[in-house]
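Dear colleague,

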Amino acid sequence: MTASSLTGRSGARIESRNLKAQLRRTERRRKLEAAALVAPLLIFLAVFFLAPIVGMLIRSVENSELPTTMPETAAALRQWDGIDLPPEPVFASFARELAAGQRDRTLAGVAKRLTYEVPNMRSVLFATARGLPETPNGTWRDTLTARDKTWGDPATWAVMRRAAAPVTPLYMLASVDREMDASGSIVKVASDRAIYIDIFIRTFWMAAVVTVWCLVLGYPLAFKLASLPPRVSNLLMILVLLPFWTSILVRTGAWVVLLQREGPINEALQWVGLISEPLQLVYNRVGVYVAMIHILLPFMVLPLYSVMRGISPAYMRAATSLGATPFTAFRRVYLPQTIPGVGAGCLLVFILGVGYYITPALVGGAGDQMVSYFVAFFTNQTINWGMAAALGSVLLIATLLLYWVYARLVGIDRMRMG
Amino acid sequence: MTQTDTSRSAGASAPDSPHVEFKDVRKTYDGETLVVKNLNLQIRRGEFLTLLGPSGSGKTTSLMMLAGFEVPTSGDIRLAGRSIAGLPPHKRDIGMVFQNYALFPHMTVAENLAFPLSVRKMPKAEIEDRVGKALRMVHLEKFDARRPAELSGGQQQRVALARALVFDPQLVLMDEPLGALDKQLREHMQLEIKHIHESLGVTVVYVTHDQTEALTMSDRIAVFNHGVIQQIDVPDRLYQQPCNSFVANFIGENNRLKGVVRDVAGGKCRVDLTNGETVLATAVAVGQAGETTTLSVRPERIVLDAAGVGRDNRLNARVLERIYLGDHLRLRLAVADSDDFMVKVPFADDAQVFQAGHAVSVCWAAEDCRALDPV
Ligand SMILES: Nc1ncnc2c1ncn2[C@@H]1O[C@H](COP(=O)(O)OP(=O)(O)OP(=O)(O)O)[C@@H](O)[C@H]1O
Ligand SMILES: [Mg+2]
């Protein structure tokens with residue numbers, strides 16, 4: 001090898017290092033530009049989407065009532081080993097903070113928190129606090145026990161100790177029909193109070209039924225739309241999207257009118273002679289399904305349509321020219337190519353369906369309410385944020401799980417939303 | 001099958017009976033205009049027949065009727081002597097290569113090739129065997145596990161070809177299969193397809209609007225225009241003896257001169273050009289004396305000046321443009337009514353004289369000049 005070729009090579013190396021630096025510089029610029037473009041949306045999402053979710057997750061385990069109102073008692077309770085009754089200092093600080101709370105009217109939160117575990121704790125707490133002496137009559141333990149014998153029960157203090165912890169599994173357990181017994185182990189709640197598991201099953205079942213129906217109704221529709229000339233299919237697409245132009249409340253209300261006992265559907269069926277008695281179509285499961293399918297159908301049709309539009313008719317022709325019957329051609333050539341659309345549509349409808357609230361609330365009966373109804377109930381009626389957040393969290397976790405399964409089965413990169 | 005008696009009466013297995021036969025086939029999509037007008041066409045077994053014509057002339061439509069994707073409005077199509085009206089496409093056993101290949105995107109190359117075999121319920125071992133053979137035929141052995149999207153255009157084209165052949169169809173249809181490839185690859189694939197055709201002996205009906213492609217590959221070419229076959233012939237006759245002006249213009253380079261027939265005698269005619277000169281030509285598609293006609297002369301049949309001594313025709317011309325092409329010269333001349341009269345001159349030492357503005361004389365034999373229908 002000659003000298004000139006050697007210098008030539010090192011020259012090339014320097015050249016390539018310069019090139020790399022240059023590339024990095026331009027790449028960095030491009031990345032900055034890209035970041036600047038998505039930043040507004042990211043910030044929006046972080047503030048209005050991620051933060052509330054994180055807030056909800058925190059709320060579902062938050063246990064701040066006792067620690068904020070009675071910080072010393074809470075600290076003392078956390079020191080205690082939980083065996084039998086707590087030592088006198090716990091009683092003492094509890095009595096002091098109870099009196100203070102009574103004076104400052106800050107006991108309501110603690111009372112509510114305790115009733116979640118022991119229903120009559122509210123009255124016990126207020127009865128004890130009312131006119132509590134400044135100094136104990138003997139020990140504080142005896143004094144309090146004398147005022148209400150509940151304070152002499154180790155089970156009460158087990159509850160108090162759980163209420164003093166920084167976080168509580170109480171709500172999460174309750175949303176899956178579980179609770180902690182006095183010894184702290186997780187047990188099923190009494191069967192008359194066990195409702196949430198059933199409600200979750202019902203919620204997922206109803207969303208699944210709606211999804212299947214949307215697929216069954218939407219697939220042929222999307223297929224037909226995709227095979228029409230664009231002018232016609234665009235027009236029909238507007239009809240499919242028409243429901244989006246009215247509020248969900250109005251649409252649901254319209255279904256109540258249509259489906260009620262004296263509504264046009266029942267009257268038409270009676271007039272034709274198909275039925276002699278009006279059918280119960282509303283305030284039951286049928287009504288909920290009809291209204292939900294109507295509202296969610298476009299979310300199935302849109303991704304299906306967009307995927308099908310992209311499938312050239314030449315594939316089906318090719319398949320038949322190769323000897324496949326029309327059915328085989330559909331099954332082996334067309335259908336597999338629509339799977340990304342089917343996946344996207346089903347996921348969309350199912351996730352939206354799982355979170356449905358207003359439609360079941362308006363069109364359904366007592367047995368047709370979904371999880372969101374109870375979330376709303378705990379938020380608006382009983383102001384039990386912990387329970388509301390826990391139910392929401394379980395729903396979120398279950399949905400994410402489902403999404404994960406879907407991603408494993410179909411592959412998220414193959415999904416097309418439209 | 002539900003067919004008329006005539007379908008059975010024909011000798012289905014006679015060796016010289018046409019493989020494919022179009023009989024008075026007509027097709028209209030809208031009930032107003034005929035896209036295919038009275039198509040009569042016979043294709044021999046093992047023949048490579050090309051349908052050539054401008055866009056919209058009904059080539060694809062004819063092919064689709066043969067494949068079964070379109071129904072003839074009237075007339076009959078016969079395959080091996082039997083009418084195939086009412087036979088659905090998947091029972092016709094016709095291999096087909098589509099313009100954009102239509103390879104199934106969700107299947108690998110091997111799965112694509114196995115598709116026609118597996119729908120025929122062939123045993124696994126045989127499928128593998130045949131797929132392997134087909135891949136070797138198109139030189140893609142190493143690509144069996146790729147998806148179509150991971151192949152180049154030429155490779156996709158070969159997969160499409162292999163897929164149309166893998167189930168041993170007797171007839172293969174190709175609709176502009178090379179249209180999406182660049183020129184070099186196209187020329188390469190033309191030869192490859194031709195070799196495959198020769199080695200397999202299948203009947204091929206090939207559609208293109210590229211005349212060079214048609215001339216290179218075909219046994220016979222059917223030239224389409226406005227839904228009518230203008231001429232059907234072997235490539236050299238089509239080029240040398242076009243039977244009307246459309247074919248003469250569509251195939252190869254052509255010089256046209258307008259004129260009026262003076263007289264017709266013994267297959268020859270004398271034609272008066274617009275500038276008063278007279279030409280002796282072969283009468284192909286001319287009417288009576290006094291009717292107009294278009295003369296057609298190929299550029300390479302024309303000789304200039306002294307070289308043309310003794311030819312039937314000698315006309316005055318003027319050089320408008322001189323294009324140097326290495327081994328030959330191309331001259332654009334003004335002759336009679338035409339001012340893009342092209343001539344090919346072999347490059348010789350005296351070529352220097354043909355400069356723009358020079359007056360020359362152009363000469364050709366009566367056999368090389370065809371009097372055709374006026375345009
Ligand atoms: N499905 C259809 N519906 C209505 N008209 C059609 C249809 N297919 C083709 N045509 C019309 O029929 C005529 C012939 O079309 P065809 O596709 O056979 O032409 P072609 O010779 O294959 O042209 P190209 O070289 O452009 O492919 C055209 O005028 C076309 O507009
Ligand atoms: Mg075509």
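What follows is a walk through the findings, taken topic by topic.

Please keep in mind throughout that this is a predicted model, and that the distances and areas below are computed from it.

I begin with chain B as a whole. Its secondary structure comes to 9 helices and 20 strands, and its C-alpha atoms fill a box of roughly 75 × 50 × 40 Å when taken along the principal axes. Of the 375 residues in chain B, 50% are buried.

The next topic is the ligand. Ligand 1 is surrounded by Tyr29(B), Val35(B), Pro54(B), Ser55(B), Gly56(B), Ser57(B), Gly58(B), Lys59(B), Thr60(B), Thr61(B), Glu176(B) and His209(B). Sorted by class, this shell has 3 nonpolar, 7 polar and 2 charged residues, and helix α2 of chain B, which covers residues 59-67, gives the most to it, with 3 residues. A backbone N or O atom of Gly56(B) lies 2.8 Å from an oxygen atom of the ligand, a backbone N or O atom of Ser57(B) lies 3.2 Å from an oxygen atom of the ligand, and for Lys59(B) an N or O atom of the side chain is 2.7 Å from a ligand oxygen. Taken alone, ligand 1 exposes 630 Å², and the protein buries 57% of that.

Now to the charged pairs. In general, side chains of opposite charge can pair when their charged atoms come close. The structure holds 28 salt bridges over all chains, and I describe some of them here. One of them joins the side chains of Asp93(B) and Arg120(B), at 2.7 Å from N to O. This pair links distant parts of the chain, 27 residues apart, with Asp93(B) in the loop between β5 and β6 of chain B and Arg120(B) in the loop between α3 and α4. Asp93(B) counts as partly exposed because its relative accessibility is 38%, and Arg120(B), at 26%, counts as partly exposed too.

Arg130(B) takes part in two of the salt bridges that I looked at. With Glu126(B), the closest N and O atoms are 3.5 Å apart, and because the two residues are 4 residues apart in helix α4 of chain B, they are separated by about one helical turn. Glu126(B) is partly exposed, at 32% relative accessibility. With Asp168(B), the closest N and O atoms of the bridge to Arg130(B) are 3.4 Å apart. Asp168(B) lies in the loop between α5 and β7 of chain B whereas Arg130(B) lies in helix α4, so this pair ties together parts that are 38 residues apart in sequence. Asp168(B) is partly exposed, with a relative accessible area of 48%. In chain A, salt bridges that share partners join Arg113(A), Glu117(A) and Arg162(A) into one network.

Asn112(B), placed in helix α3 of chain B (residues 109-118), is buried at 0% relative accessibility, and its side chain reaches the backbone oxygen of Met107(B) at 3.3 Å. In chain A, Asn63(A) lies in the loop between α1 and α2 and is buried at 1% relative accessibility. The C-alpha atoms of Asn63(A) and Arg113(A) are separated by 8.4 Å, although the two residues are 50 residues apart along the chain.

The last topic is the surface of chain A. A nonpolar patch, whose members include Leu37(A), Phe44(A), Phe48(A) and Leu50(A), has about 1,100 Å² of accessible area together. Ile43(A) also belongs to this patch and is found in helix α1 of chain A, residues 3-59. With 53% relative accessibility, Ile43(A) counts as exposed, because the cut-off for that class is over 50%.

With best wishes

Definitions and conventions
Residues are numbered from 1 along each chain as its sequence is written. Chains are lettered from A and ligands numbered from 1 in the order in which they are written. This is a predicted model: local features need pLDDT of at least 70, side-chain atom pairs count only at pLDDT 80 or more; totals for chains, interfaces and linings use all residues. Side-chain values use heavy atoms; hydrogens and water are left out. Patches are made of residues with over 30% relative accessible area and no salt bridge: like charges are joined within 9 Å, nonpolar side chains (Val, Leu, Ile, Met, Phe, Trp, Tyr) within 5 Å. Accessible areas come from the Shrake-Rupley method with a 1.4 Å probe; for residues, only the protein chains shown count as cover. Buried means under 20% relative accessible area, exposed over 50%, partly exposed in between (1.4 Å probe, protein chains only). A residue is near a molecule or strand if one of its heavy atoms lies within 4 Å of it. A polar contact is a pair of N or O atoms within 3.5 Å; within protein, one must be able to donate a hydrogen and the other to accept it, and residues adjacent in sequence count only if both atoms are side-chain atoms. Ala, Val, Leu, Ile, Met, Phe, Trp, Tyr, Cys and Pro count as nonpolar, Asp, Glu, Lys and Arg as charged, and the others, Gly among them, as polar.
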